[in-house]
Amino acid sequence: MSLQLFYHPLSSFCHKVLIALYENATPFEGRLLQQTDPATLEEFARLWPTSKMPLLRDLANDRVVPETSIIIEYLQAVHPGQVRLIPADARLASDVRLWDRLFDLYVHLPMQKIVGDSFRAGDAHDAAGVAEARALIRRSYAMVEQALGGREWIAGGAFSMADCAAAPALFYADTVEPVGAGLPALTAYLNRLMARPSYARVLEEAEPSFGMFPLDPKPSRAPRRAG
């Protein structure tokens, strides 16, 4: 098999790439990154010294491709499927890339800061940083609510890379900074993302690992209702 993906099923950024792979039924070999498999961890570190997952390896083309958005762009260019996740139209593609960045930078990363802080002990907690992260997530929720309007997907057209980014970012953010009532468009959008077969599959595969998630409430695949 040409493609290998180094990943962990609980990782939110790994979810983003898995959605893209499953959308197009792209065959790949999963290389799970876990402490019980030091050989795979060592190989991963050799291929990408930052050790930031996921990482795509294309054996047929002798390429190592890091970073989620770059991986999705690469898959579309080199291993295309029927679902085009970045539009051919340059203006539409720009919208998709913008929302992809917004979800990664303003929902995904602050969510991870909150989760990461939960692992700290005692005086090591960063209360101010966590408060700033929660505020940024709330502002982002409001932006998404306003932008959605009557849209089915965030960039206004078909399901895209932006929605691949949105699904895990919003799913995990909702566990640490609940969307709550008053954001009906966002709530409905998150429901659609979780019901999308590609992400439903990702969540099902991740479920056995959810016990490792440090914060309550634990992520759930239960359908959500609009607030």
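Visitor: Over the ring of which residue does the charged end of Arg-196 sit?

Guide: This is a predicted model, in which local features need pLDDT of at least 70 and side-chain atom pairs count only at pLDDT 80 or more, while totals for chains, interfaces and linings use all residues. Residues are numbered from 1 along each chain as its sequence is written, and side-chain values use heavy atoms, with hydrogens and water left out. A charge sits over a ring if NZ of Lys or CZ of Arg is within 6 Å of the ring centre and within 35 degrees of the ring normal. The charged end of Arg-196 is 4.0 Å from the centre of its ring, that of Phe-159.

Visitor: How many aromatic pairs does the structure hold?

Guide: Rings of Phe, Tyr and Trp (its six-membered ring) pair if their centres lie within 6.5 Å; planes under 30 degrees apart count as stacked, over 60 as edge-to-face and the rest as tilted. By this criterion, the number of aromatic pairs is eight.

Visitor: What is the angle between the planes of Phe-6 and Phe-44?

Guide: Phe-6 lies in strand β1 (residues 3–7) and Phe-44 in helix α2 (residues 38–47), so their pair ties together parts that are 38 residues apart in sequence; helices (H or I, at least four residues) and strands (E, at least two) are DSSP runs, numbered from the N terminus. The pair is stacked, with 5.9 Å centre to centre and an angle between the planes of 20°.

Visitor: Which helix holds Tyr-199?

Guide: Tyr-199 forms an edge-to-face pair with Phe-171, at 6.1 Å centre to centre and 85° between the planes. Phe-171 lies in helix α6 (residues 161–176), so the pair ties together parts 28 residues apart in sequence, and Tyr-199 lies in helix α8 (residues 197–206).
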